[in-house]
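Trainee: I have a model open and would like to learn how to read its features. Could you walk me through it?

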Amino acid sequence: MDLDTAGAASRLMTRLDDFSAFTDEPGKLTRLYLSPSYRAACDQFAKWAVEAGMSARIDAVGNVRARYEGKSAGAPALMIGSHIDTVRDAGRFDGNLGALAALAVVEQLAEKGIRLDHALEVVAIGDEEGVRFSTAMTGSRALAGGLSATAMEAKDKQGVTVGEALKAFGGDPERAYSARARGVAAFVELHIEQGPVLEAKGLALGVVGAINGATRMLVTVTGLAGHAGCVPMDLRRDAVAAAAEMILAVEARAKAEPDLVATVGRLEVEPGAVNVIPGLARFSLDVRSPRDEWRRRAVSDIHAAATQIAARRHVETVMQPVHEAPAYVCDARIVAGFDRALTGMGLPAFHLPSGAGHDTMVMGALAPAGMLFVRCAGGVSHNPAESITGEDGALALAALTRFALEFKG
Ligand SMILES: [Zn+2]
């Protein structure tokens, strides 16, 4: 098919710049869910969709929904999109790239009057980042029919609830549950990688195999505090020395398995004095993996190692779970579709897991879902320095377009 993908790609890059003007804080990009700038961004997005020949509306929870009919009206839709809310002082590409690229896919078809067997639905989703309220993924949860009973009651720092903010925005909290999408054959999302893997491999694009699940624990090591000068080394029960050995065991276990990552990001020491042997150490443990069974096995191995170290060092250890999120394994047919799109363009079909959460994992409850990652400079995201090259943007749009054209509902 003779599409002007190069033209669409350069317009996409320009639009990403223009779109970053919708911000709550002048001089930086901060677009929190349901803020005035979020509203203005939704309106602009819907305007572009209408100009491209789509029908567009903003749903009850503040997602933009735009539809491009297929050959027959009312056909099942391939839904494409990402979020348009951002973190504070964000980059221009996280989320926005996927939403605006979805629009660009349709624009290329509309320019040539091409209709597919399936409809295309473009979505710009709200509250993926979960910065404003004590909740996250409100938009995709509503689309997928997974909104919790208390979703409208979550508050921001000023005490404004999601329901109140929605009313001010022009949404309808009473009808939040009606935002559930119907007739969706599949959901796909293009997103920046937010990590350094594609750059290290010298690849522009990668197919996401799974969005990692996570286990978070609080590990407490109790030894015996004592005088740093008076207790000989062989009579000590040093909690920090034991914790240090455990932390190295965590690192070794994660390094021994591809795609498993484990991090100790916080370490507290008591009493925390230069001349006292630490009696207590407390550290956080974060373990992530593309498969729940691999993650559970790693956590169990780490537990066994810590128990062994504690016994040898005559200290006590307790591992307390504080958070658990399951992995989302991307749909095999979607993954294969992206593989075909990449190989069709002469690119390797490289697979990688997503270390961060995305709307895709929520949308997976509604329909088969998957993601395509594009290389970002230095793996930097959630930062104004976030960037992709125009060439990579063009390749990403071409791959997403190819996927949409070849999709079989
Ligand atoms: Zn994102």
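Mentor: Gladly, and keep in mind that this is a predicted model. Let's begin with the domains. The protein chain splits into domain 1, which covers 5-211 + 327-406, and domain 2, which covers 213-325.

Trainee: What separation do the centres of domain 1 and domain 2 have?

Mentor: Taken over C-alpha atoms, the centres of the two domains are 38 Å apart. Where they touch, domain 1 supplies 5 residues and domain 2 supplies 8 residues. On the domain 1 side of that contact, 3 residues are nonpolar, 2 are polar and none is charged.

Trainee: Now the helices. How should I describe a packed pair?

Mentor: For two packed helices, you give the angle between their axes and the distance between those axes. Take helix α1 (residues 5-19) and helix α3 (residues 96-111): their axes cross at roughly 145 degrees and come within 10 Å. The crossing of α1 past α3 is right-handed.

Trainee: Which residues of α1 and α3 make the contact?

Mentor: From α1 you will find Thr5, Ala8, Arg11, Leu12, Arg15, Leu16 and Phe19, and from α3 there are Asn96, Leu97, Leu100, Ala101, Ala104, Glu107 and Gln108. By type, the residues of this α1 and α3 contact are 8 nonpolar, 3 polar and 3 charged.

Trainee: And what angle do α9 and α11 make?

Mentor: Helix α9 (residues 332-344) packs on helix α11 (residues 390-406) at about 120 degrees, and the axes are 9 Å apart. Because of that angle, α9 is oblique to α11. Here too you can read the handedness: α9 passes α11 in a right-handed crossing.

Trainee: Which residues of α9 and α11 meet?

Mentor: Gly337, Phe338, Arg340, Ala341, Leu342 and Gly344 of α9 face Ala399, Arg402, Phe403 and Glu406 of α11. The residues of the α9 and α11 contact comprise 5 nonpolar, 2 polar and 3 charged.

Trainee: Let me try a single residue. Is Leu260 buried or exposed?

Mentor: Leu260 is buried, because 20 other C-beta atoms lie within 10 Å, and the cut-off for buried is 20 or more.

Trainee: Which residues does Leu260 touch?

Mentor: Leaving out residues up to four places away in sequence, Leu260 touches Ala254, Ser289, Trp294 and Ala298. Look at Pro353 as well: Leu260 and Pro353 are 93 residues apart in sequence, yet their C-alpha atoms are 9.6 Å apart in space.

Terms used:
Residues are numbered from 1 along each chain as its sequence is written. This is a predicted model: local features need pLDDT of at least 70, side-chain atom pairs count only at pLDDT 80 or more; totals for chains, interfaces and linings use all residues. Axes are lines fitted to C-alpha atoms, for helices over the stretch in contact, and angles run from 0 to 180 degrees between N-to-C directions. Helices (H or I, at least four residues) and strands (E, at least two) are DSSP runs, numbered from the N terminus. Angles under 35 degrees count as roughly parallel, over 145 as roughly antiparallel, 65 to 115 as roughly perpendicular and the rest as oblique. A crossing is left-handed if the near helix is turned anticlockwise from the far one by less than a right angle, and right-handed if clockwise. Two residues are in contact if their C-beta atoms, placed from the backbone, lie within 7 Å. Ala, Val, Leu, Ile, Met, Phe, Trp, Tyr, Cys and Pro count as nonpolar, Asp, Glu, Lys and Arg as charged, and the others, Gly among them, as polar. Domain bounds come from an automatic or database domain assignment. A residue is buried if 20 or more other C-beta atoms lie within 10 Å of its own, exposed if 12 or fewer, and partly exposed in between; C-beta atoms are placed from the backbone.
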